[in-house]
Amino acid sequence: METITKIETWADAHHPQWIDFLRILLGLFILYKGVLFISNTDALMNLMENKDLQFFNLGLAHYVAFAHLVGGFLIALGLVTRFAILFQLPILLVAVFFVNIDSGFLSVSNNLEFELSLLVLILLIVFLVYGSGKFSLDHYMKQHPKW
């Protein structure tokens, strides 16, 4: 627990303000992807084509959509950002290392999905370390504890 406190203290001292706007954009992008998954669940189910695990795949599709919707919203607001990121990391790890392997990493048919997934994964790791920043509900709630 002491290590986490040290990381938070370091991140608060070395947190540029422009990175908060990047966090907001990242959250809105993840929220957008969640809306896309809900509006087109067939595309998500096609990514997970294993016929033996249809019930598991359906549950996984619901987890991905829900985690993107709620997590993207929380990341954009800066509310429990690190907690929301922890739910996003497994999704992006699977997207980067398992889903994009079949279509080939830098192939034309991939439509930059690998690069986009990798960028989002890197940004999630950055914000896991840096936290939500000054333009966030977390910071506001720390400044106004009786609110």
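Modeller: Phe56, Leu60, Tyr63, Val80, Phe83 and Phe87 form a nonpolar patch on the surface. Together they have about 550 Å² of accessible area, by the Shrake-Rupley method with a 1.4 Å probe, where only the protein chains shown count as cover for residues. Patch residues have over 30% relative accessible area and no salt bridge; nonpolar side chains (Val, Leu, Ile, Met, Phe, Trp, Tyr) are joined within 5 Å, like charges within 9 Å. A salt bridge is a side-chain nitrogen of Lys or Arg within 4 Å of a carboxyl oxygen of Asp or Glu.

This is a predicted model: local features need pLDDT of at least 70, side-chain atom pairs count only at pLDDT 80 or more, and totals for chains, interfaces and linings use all residues. Residues are numbered from 1 along each chain as its sequence is written, and side-chain values use heavy atoms, without hydrogens and water.

Now the elements. Helix 4 (54–77) and helix 5 (81–103) each supply at least two residues of the patch. Helix 4 gives the largest share, 3 residues. Helices (H or I, at least four residues) and strands (E, at least two) are DSSP runs, numbered from the N terminus.

Tyr63 lies in helix 4. Tyr63 is partly exposed, because its relative accessible area is 30%, and that class lies between buried (under 20%) and exposed (over 50%), with a 1.4 Å probe and protein chains only. In short, the patch draws on helix 4 and helix 5, with Tyr63 among its residues.
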